[in-house]
Every structure is written in C-alpha cells, then in structure tokens.
Amino acid sequence: VAWDVRSVPEKIGKYEVLAEVGRGGMGIVYRARDPILERVVALKTISAEVVAEPGMRERFLREARSAARLQHPNIVTVFEFGEVDGAPFIAMEFLEGEDLAVAVERGRLADLDQRLEVVVQLCDGLAYAHRHGVVHRDVKPSNVSVLKGGAIKIVDFGIARLEGGTLATRTGEVLGTPSYMAPEQFAGDPVDHRADQWSVGVILYELLAGHRPFGSRT
C-alpha cells in the first residue's frame with residue numbers, strides 16, 4: 001500500500017521518520033534518520049494515486065538511477081531506492097537550505113557576484129551530468145537548492161533522460177515547467193543537453209533582470 005498522505009508514518013523501511021518537510025504532486029518528502037549509519041536523510045515517497053498511474057513507478061526508479069550515477073558537489077547524493085509493501089521511496093542527502101527562488105526573495109543573493117556564482121555552480125553540475133549521459137529536463141529555481149554556505153545542489157531528476165534508456169511516458173507527452181522549457185520540449189520533440197542549457201539561460205536572465213524573459217500567457 002502506498003503512503004497515506006494524511007498521516008506521518010513512524011518508520012519507512014529501516015528509516016525513522018522525524019518530520020514531513022514538503023509535499024507536491026508526486027508525493028511527500030520526509031526528514032528521517034538512518035539508525036544503522038546514524039545520519040539524517042531525506043525520504044522522497046510517491047503517493048498512492050501517482051503510483052497507480054501507468055509508468056510512474058518506472059519514472060520514480062529512473063529518478064533514483066539518474067541521480068545515483070552522478071557523484072558531484074553540485075548534485076544531490078542518492079543513497080538508496082527501496083520499496084515497502086509496494087510503495088517506493090528514495091533515500092537521499094538531506095539538504096540544509098532553501099530553493100533558489102526563496103533564497104532570492106529573502107535577499108540571500110543580494111549582489112551580482114553571488115548570483116553569477118550560483119549559475120557557475122549550476123553549469124558545473126549539469127555539465128558533469130551531461131558528460132555521464134544524463135539530461136535533467138526540468139531545470140528551474142525550485143530544483144536548485146542553495147545551502148547555508150552558498151553552495152548549490154541540483155535536485156529532482158524525476159524526468160531526466162538517461163542516454164540509451166527509454167522514457168516511461170506516452171509518446172509526445174510534454175514534460176517540464178513551461179517558463180523554463182526549451183522550444184523543442186514544448187513541441188514534444190526529442191531533447192538533449194541543450195534543453196538544460198536553455199533553462200539555465202532563463203534562470204540567468206531572471207537573476208540579472210528580476211523577471212523572466214518571456215511573459216506570454218500561452
């Protein structure tokens with residue numbers, strides 16, 4: 001049985017759940033403790049409604065595989081993919097920080113050098129992923145975590161494409177976030193690393209200008 005979004009479980013597998021830290025369309029993220037290695041982790045779960053959709057379990061597993069093969073200072077570290085009673089979860093590094101949009105809103109990146117440094121780190125992490133055959137395909141401020149010391153981590157490889165792999169979605173389905181999505185992604189065409197470069201360009205523009213480059217409603 002997949003996780004009940006209305007309650008906080010005491011344990012998920014071997015992990016002791018400490019608190020709920022966020023939820024979205026896919027499921028819930030918990031702060032949890034690994035009692036064997038004695039470390040705090042983030043547990044990303046998938047809701048009962050989502051896990052029942054065709055291909056969603058495969059998409060969740062693909063996120064774990066995509067991130068697990070990437071070991072880079074600017075990419076979140078994945079520790080484990082597991083299932084409990086058919087409900088999948090990903091255990092990953094727990095990040096002490098906030099996403100890029102919140103960091104900007106709270107004045108944490110007040111000067112130009114700080115904002116450019118974020119983009120440099122973002123480029124470093126994505127370039128590493130691309131060299132290892134992984135295209136993120138959903139680069140946006142909410143998927144960039146700014147840590148307390150100023151370092152950034154790229155998160156949520158949920159719709160990433162592994163080179164040589166297949167996409168567990170319907171043919172022609174558009175995945176991504178419209179404001180940061182490359183034109184070929186809108187069209188449902190095949191994408192490569194250049195789609196991530198487009199998204200970084202939109203983020204850079206937004207950090208410099210204070211607004212996104214495209215403001216149309218469609």
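**A glycine and its neighbours**

Mentor: Gly27 touches Thr45, Ile46 and Ser47, leaving aside residues up to four places away in sequence. Keep in mind that this is a predicted model. Gly27 sits in a loop. Strand E2 (15-23) and strand E3 (28-34) are the two elements that this loop lies between. Gly27 is buried, because its relative accessible area is 12% and the buried class means under 20%. Now take a pair in this region. Gly27 and Glu49 are 22 residues apart in sequence. In space, their C-alpha atoms are 9.0 Å apart.

Next, the whole protein as background. The protein has six helices and 11 strands. Of its 218 residues, 43% are buried, and Gly27 is in the buried class. Consider contacts between residues at least 6 apart in sequence: 55% of them join residues at least 24 apart. The accessible surface comes to about 11400 Å². Carbon and sulfur atoms account for 52% of that surface.

For another loop residue, turn to Asp111. Asp111 is found between helix H3 (100-105) and helix H4 (112-131). Asp111 is partly exposed, because its relative accessible area of 36% falls between the 20% and 50% cut-offs. Asp111 also belongs to a negative surface patch. Asp113, Glu117 and Asp124 form that patch together with Asp111.

Definitions and conventions:
Residues numbered from 1 in each chain as written. Predicted model: local features only at pLDDT ≥ 70, side-chain atom pairs only at ≥ 80, totals over all residues. Heavy atoms only, no water. Patch = residues over 30% accessible without salt bridge, like charges linked within 9 Å, V, L, I, M, F, W, Y side chains within 5 Å. Areas by Shrake-Rupley, 256 points an atom, 1.4 Å probe, with all protein chains shown as cover. Salt bridge = Lys/Arg side-chain N within 4 Å of Asp/Glu carboxyl O. Lys, Arg positive; Asp, Glu negative; His and termini not counted. Charge placed at Lys NZ, Arg CZ, Asp CG, Glu CD. Helix = DSSP H or I, 4+ residues; strand = E, 2+ residues; numbered from the N terminus. Buried < 20%, exposed > 50% of the residue type's maximum accessible area, 1.4 Å probe, protein only. Contact = heavy atoms within 4.5 Å.
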